[in-house]
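Hi,

Here is the structure I promised to pass on to you. Have a look at it first, and then read on for what I found.

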Amino acid sequence: MAATGAGSPSLLVQYVVVRSDLVHKLSWPLGAVITQACHAATAAIHLHYGDPDTQRYLSELDSMHKVVLGAPDEAALSGLSENLTQAGVAHKLWVEQPENIPTCLALKPCPKETVQPLLRKFKLFK
């Protein structure tokens, strides 16, 4: 893929941040955790469907970019959600019901360079 330069559109990325303790400490099945991420990503797209970045992201169906990061625990995930809200970054915190457990969050598709600094301390989900 060519680098973005002057006059070319920014790379749009949908970031999904999943609690890694669900798998590694609480022994949730991996499939259940993946399902949580899918719920959050779909909800973020739905909530921001009319947004120009979301529409451009969806129009490039065969070249979508998602990055799945890991948050160590519920406190880190909730703190990230608060930081994103304060920074004005649209996202969906997915809270599994009826247990009322925050499991992950997904940002609406955004230019990578605008949100990457807010996510810097989170590593790829393993």
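In this predicted model, helix 2 has a buried set made up of Val33, Gln36, Ala37, Ala40, Ala41, Ala43, Ala44 and Ile45. An α-helix has 3.6 residues a turn, so residues three or four places apart point the same way. What do the buried residues of helix 2 pack against? Their partners are strand 1 (12-19), helix 1 (21-24), helix 3 (52-59), strand 2 (66-71), strand 3 (91-96) and strand 4 (101-107). The length of helix 2 agrees with expectation too: at 1.5 Å a residue, its 18 residues (30-47) should span 26 Å, and the C-alpha atoms at its ends are 26 Å apart.

Next, the salt bridges, of which the count comes to 5. Side chains of opposite charge can pair when their charged atoms come close. Arg19 and Asp21 meet through their side chains at 2.9 Å, N to O. Arg19 is buried, with a relative accessible area of 4%, and Asp21 counts as buried at 10%. Arg19 also forms a salt bridge with Glu74, where the closest N and O atoms are 3.8 Å apart. Because Glu74 lies in helix 4 (residues 74-86) and Arg19 in strand 1, this pair ties together parts that are 55 residues apart in sequence. Glu74 itself is partly exposed, at 36% relative accessibility.

Another salt bridge pairs Asp53 with Lys108, with 3.6 Å between the closest N and O atoms. Here, too, distant parts of the chain are linked: Asp53 sits in helix 3 and Lys108 in the loop between strand 4 and strand 5 (110-111), 55 residues apart. Asp53 counts as partly exposed at 22% relative accessibility, whereas Lys108 is buried at 11%. As for shared partners, salt bridges join Arg19, Asp21 and Glu74 into one network.

Most residues other than glycine have a negative phi, and most peptide bonds are trans. Ser27, in the loop between helix 1 and helix 2, has a positive phi of about 60° although it is not a glycine. At 60% relative accessibility, Ser27 counts as exposed. Asn100 also has a positive phi, of about 65°, and is exposed with a relative accessible area of 52%. Where does Asn100 lie? Its place is the loop between strand 3 and strand 4. Pro98 is in the loop between strand 3 and strand 4 as well, and a cis peptide bond with omega of about 10° joins Gln97 to Pro98.

Best wishes

Technical notes:
Residues are numbered from 1 along each chain as its sequence is written. This is a predicted model: local features need pLDDT of at least 70, side-chain atom pairs count only at pLDDT 80 or more; totals for chains, interfaces and linings use all residues. Side-chain values use heavy atoms; hydrogens and water are left out. Helices (H or I, at least four residues) and strands (E, at least two) are DSSP runs, numbered from the N terminus. The expected span of a helix is 1.5 Å times one less than its number of residues. Buried means under 20% relative accessible area, exposed over 50%, partly exposed in between (1.4 Å probe, protein chains only). Contact means heavy atoms within 4.5 Å. A salt bridge is a side-chain nitrogen of Lys or Arg within 4 Å of a carboxyl oxygen of Asp or Glu.
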